[in-house]
Amino acid sequence: MKIAVTYDNGEVFQHFGHAEQIKMYYVEDGTITSSEVVSTNGSGHSAIAQFLAENSVDTLICGGIGGCAQRALAESNIKLYGGVVPEIASRNHVMNIDTVYREALEKALTDYDGTMLMVSH
């Protein structure tokens, strides 16, 4: 499974269509096996949605995202967790960003029946 997070300077980037970087998390058996920051190679929601689809992303975690972008992701069968605002990180980013990402990833890895999968890194 691949989970993508719109990313800028250690935070969830708040505007999907302008995200220049994505942090990719690679997950196997409910465990994060690796991660990397990659360039989106474009701007605009269509280009970024296409980039995610071409990179076989299963789930996207992001800040603000418009309706057209949401539809583009749905057409590519990419599960969306939008509106993620790292409020704790905005106050004390350096100390808390790992917690914010971990909570967002745990939500992204929750089964439909509400069963939580084990997440570690």
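Visitor: Which residues in H1 meet H2?
Guide: One caution before that: this is a predicted model. From H1, His-45, Ala-49 and Leu-52 make the contact. They meet Cys-68, Ala-69, Ala-72 and Leu-73 in H2.
Visitor: And by class, how many are nonpolar, polar and charged?
Guide: The contact of H1 with H2 has 6 nonpolar residues, 1 polar and no charged ones.
Visitor: At what angle do the axes of H1 and H2 cross?
Guide: Roughly 20 degrees. The axes come within 9 Å. H1 spans residues 45–54, and H2 spans 67–75.
Visitor: Roughly parallel or antiparallel, then?
Guide: Angles under 35 degrees count as roughly parallel, so H1 and H2 are roughly parallel to each other.
Visitor: Is the crossing left-handed or right-handed?
Guide: The crossing of H1 and H2 is right-handed.
Visitor: Switching to the core. In the largest nonpolar one, which residues touch the most other members?
Guide: Phe-16, Leu-52, Leu-60 and Leu-73, out of 18 residues.
Visitor: Which elements give two or more residues to this core?
Guide: Strand S3 (21–28), H1 and H2. H1 gives the largest share, 4 residues.
Visitor: What is Leu-60 in contact with, leaving aside neighbours within four places in sequence?
Guide: Its contacts include Phe-16, Leu-52 and Leu-73. Also among them are Ala-4, Thr-6, Ile-65, Ile-78 and Tyr-81.
Visitor: What other core lies apart from that largest one?
Guide: One of 12 residues. Among them are Ile-32, Ile-61, Val-84 and Tyr-101.

Note on methods. Residues are numbered from 1 along each chain as its sequence is written. This is a predicted model: local features need pLDDT of at least 70, side-chain atom pairs count only at pLDDT 80 or more; totals for chains, interfaces and linings use all residues. Side-chain values use heavy atoms; hydrogens and water are left out. Axes are lines fitted to C-alpha atoms, for helices over the stretch in contact, and angles run from 0 to 180 degrees between N-to-C directions. Angles under 35 degrees count as roughly parallel, over 145 as roughly antiparallel, 65 to 115 as roughly perpendicular and the rest as oblique. A crossing is left-handed if the near helix is turned anticlockwise from the far one by less than a right angle, and right-handed if clockwise. Contact means heavy atoms within 4.5 Å. Ala, Val, Leu, Ile, Met, Phe, Trp, Tyr, Cys and Pro count as nonpolar, Asp, Glu, Lys and Arg as charged, and the others, Gly among them, as polar. A nonpolar core is a set of buried Ala, Val, Leu, Ile, Met, Phe, Trp, Tyr and Cys residues joined through side-chain atoms within 4.5 Å. Buried means under 20% relative accessible area, exposed over 50%, partly exposed in between (1.4 Å probe, protein chains only).
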